[in-house]
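Please read it alongside the sequence and the model.

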Amino acid sequence: MRQLMWLRFMVLLLIMSGVAFAQNTAGYMAMPAGSGSYPPVPFDTSKSFLIYTTNNGDLVAAMNFYGLSYTARSVNNPVTALDLATHDILIVGWNTGTLATMNGLLPGVLEEGITGRVILTGHDADYHVPHEPAAGNVIFEQTIRYVLEGSGKGMVAFTDSMSNFAWLPESWGVTGNSSTGETIKSITPQGDASGIFADLTPALLSNWGVSYHNYFTAWGNGFEPLELGGGEGELVITLASPFNPRGFIFTKDDDLAEGETVCPQQELTYTICYDNTSGMTITNARIIDYLPVGVTYPEGEWAIDENMEPYQPDPAYDPDLHAYEWSVGQNELGTLYPDDFGCVTLRVVVNENAVPGMNLHNEAVLIGDYCYQDPNEPNNPSAIICSEVRYLAGKDTPVCCWEENGIIFVDQYAAGACTGLNWTDAYSGTDGLSKALYQAKNSTCVGPYTIYIASGNYFPGTQEEDSFVLPEGTQMYGGFPTGGCDFSLRNPKVYEALLTGQVDDDLFSEIDNVVTMGHNTLLDGVAIARGINSNIYGNTVDFTLKNCSIKESELYGIYALNGNVTIERCKIQENFSDGIYHSGIDFTLDVSNSWVMRNGRYGIYTYESNLLAKNSIISESDMNEQGSDGIFIVNPSNPPIIYNNTIANNKSAGIFFSDNGTVEDPNDYPDIQNCIIYYNNGGANQLNGLNPDAVASYSCIQNCNTVNNNINAAPMFAYPASVVGEPDPNDYHLAYNSPCFNAGSPNLDYSGQTDYDTEERVDGSRVEMGADELHSCSGDYLPTDFANQLDTNVDGIVNMNEFMGFAKAWLQQNSDDPTINKDPNFYDPNDYAGWNSLYNLDDTGTSQYFIDIADFQVFLEDHWLWQACRLEPSQSAVSGMDTMTENLSLSSDGVAKANTSEANVSTLARVSTKIILEEPMPVEEELNPYSEMSNSELALFVKDIQELKMIVAEQIKAECEDSEDLTDLIDFFDEILADVQETLQK
């Protein structure tokens, strides 16, 4: 392939040095202007117009631009019932003031007098008619036409970013949102029944962004494009009108029969037709067909025939835009006169980027110029105004279910076709997950779907109501690296897929509910953060969360109503209100092997539902210090089951319980077994509303009576944070000599259960109290099986984190060294500030007051790569592999040398063997450099070679000094062409 690269480079050099190739260019010429004093409009100008102005003059200027007669009203001259009875339409100008500016529009008068169609638009078209762009004219004309062609008295109201249409009648059910721009939130049944909204729905009137320009993703006949909109620029502002814009008919179709689908390698013919019924003469008319990524235009690529003759692509095709352009009309320059009509066709081939079960969405646009006399200078023949006209047509062609694996791939940084079919072509960008969910919901293939998400940041939109909505049955898995990997190698802790409600850098959340769960859905291995109301929301649906991090919501981590919720191996932390909120009579919240920590209010809040909590940690609840408990239970449907949990360090009580105590619903006291409930509520009552003697057994509860096999001795954690034994808030593993060891109930069934670390739930003669099961590497339950004094970040491994701490203390001296001269003239305390007694591992002899080579030797031999027994061996190997290159010790003379202790040699051997077995060295093979090239690539390559031959031949003909060498180069080129031809024949 180096040979190919060299040749391409040589061609570029030759071209850059002056070898030019002819190109055909074509231009378009503007045609003579139309006639008439004012631009034509698609409605009856003899209608009586009533306008309401907001004192900015733009609506008046727009009416004068079209020469329309009108009656004007304002805040000082309100609209009356008589006005509405004597006019055909009310047009309200865009609001530049406050709500007071609209006081001339009385809701009662509007409610009684407006009986026909109503258009509320976020686009200030009245401003754009006199001020450009010309696209503003279109929405101005269309809105008026839409309303006038309805029955009854209608109204058009342009943008009102100041008061958000608060002046409308309450019965119309229109509410705005000033923080995100105008948004139609709902249409009341009364408003819908009145007919004022006609064919418009809240779904069509939505998402009016910061610019207050509304957009619609719908398209087709009657949906006139105005200008690009949306954060990525791919949305088109349109008006929801059932009429053809300006009377021009423009359509697109394919050659499929009703109900047919297309599959890869199948040919498809698009037909685009136009009929100029507008009465206008349109110049410079052309049609551009923007092809979907799922089709290929065969004649749009370089090709090569059997005689080794390359032929170039169709020049009307633009490969960068993946679009085809025609000039249409009665001459080469494209002039469409009134009543001109015609069609164009294009043959394409469906490719493997066609998403199974979805549509090939194809859009075509007819663009031209319309020129007319300037209405402000009717007697000046040269005063001509020309504006662009644009008509849009679309076609959705259904794709067959040719790929049935049911997996959709998402990778924020993927650079492929963005089809979700594999990791290379995964849905990309921060909205990649939204695209995948759209497919999961709308595909016609048999679902439900599974979605794989690579690491990255994803947000569901920019409006508060946007959310990642999981269709029923959908399963979503994170933990894949960019570029993807095998499912068995995913690691959510290393490759975080973050679903976030913070869509920009302003540190504020913009999304109400980041994820909305569907019925029987699964979320596994993703992080969800920064929702305004909740990170995860579910209502009347059952769903499951596994291996997820749910954090930093402005209210609830999980908010679930009237559904069964299962939470396994999740971390729910630092949410401003409750970590988990669950309610609903006879519905169950099942929390297992999870950690609910540092939430502002309650860790777990349940109301009238069933709680099942096992093998979990609930810690540091009530960070807002308002008296909220770790677990809050009110009016449960059945007795809560609370087994093998560690409930500690909560600022209020560990568990709160309240019941209504009626005969029909007696006190459903919790069943608490094998739990540690300690260090809560400042050491006061650990249970609120409960007597531990009545509800708890085989548990370690601070200050309880030792009945029902309960104990009140300190549980003794592996990493105590104080002399009284309070656990480090980052680690709740038990110490080797904990009284909770082998102290749990022998009467429960633990089959299929694991502890918080996913280890086997029963390791000794009996289960432990709390979420942690003690597993001994030595079999003797030694202290070093469970903790290490140097494990400063309490992650169970002594590795580079601890080495960095040692390095900071390296060669530091203890200020207590009696040899130090304490004379203030010589003593500087800063010289000894780096001393850390933790690393004074050898405190004898000359090393007693120094952290030196003797301490380092102990560090390497007794601590380096130590791991707690709870960690799997593979985790140690990975950690060792990351730090092995740094594993150096110092000789007595300060020279670095490799540490070859038995433990490290063993680790190195294990890691090396793993690498050798999993990644064998590739065997180089001599490959045909042309065999993997596409037909188009071969054609371009042959074209380059032939052009080089011509250039070299000209040099030989000129009898230059290097003619002999150039002749050899000609022979070399011929050999290459022969090899290519041989490849083509194969």
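This is a predicted model: local features need pLDDT of at least 70, side-chain atom pairs count only at pLDDT 80 or more; totals for chains, interfaces and linings use all residues.

Residues are numbered from 1 along each chain as its sequence is written, and side-chain values use heavy atoms, with hydrogens and water left out.

**Overall pairing**
- The structure holds 5 disulfides (a disulfide is a pair of cysteine sulfur atoms within 2.5 Å).
- Counting bonded cysteines along the chain, the pattern is 1-6, 2-3, 4-5, 7-8, 9-10.

**Cys273 and Cys343**
- A disulfide with an S to S distance of 2.0 Å joins Cys273 to Cys343.
- Cys273 sits in strand 9 (residues 267–276) and Cys343 in strand 16 (residues 341–350), 70 residues apart (strands are DSSP runs of E, at least two residues, and helices are runs of H or I, at least four, numbered from the N terminus).
- This link is right-handed, with 105 degrees about the S-S bond.

**Cys371 and Cys386**
- The sulfur atoms of Cys371 and Cys386 are 1.9 Å apart and form a disulfide.
- The torsion about their S-S bond is about 110 degrees, so the disulfide is right-handed.
- Cys371 is buried at 3% relative accessible area, whereas Cys386 is partly exposed at 46% (buried is under 20%, exposed over 50%, partly exposed in between, with a 1.4 Å probe and protein chains only).

**Cys777 and Cys869**
- Cys777 and Cys869 form a disulfide, with sulfur atoms 1.8 Å apart.
- Cys777 is exposed at 53% relative accessibility, and Cys869 is buried at 12%.

**Cys704**
- The closest cysteine sulfur to that of Cys704 is in Cys700, at 7.4 Å, too far for a bond.
- Cys704 is buried, at 5% relative accessibility.
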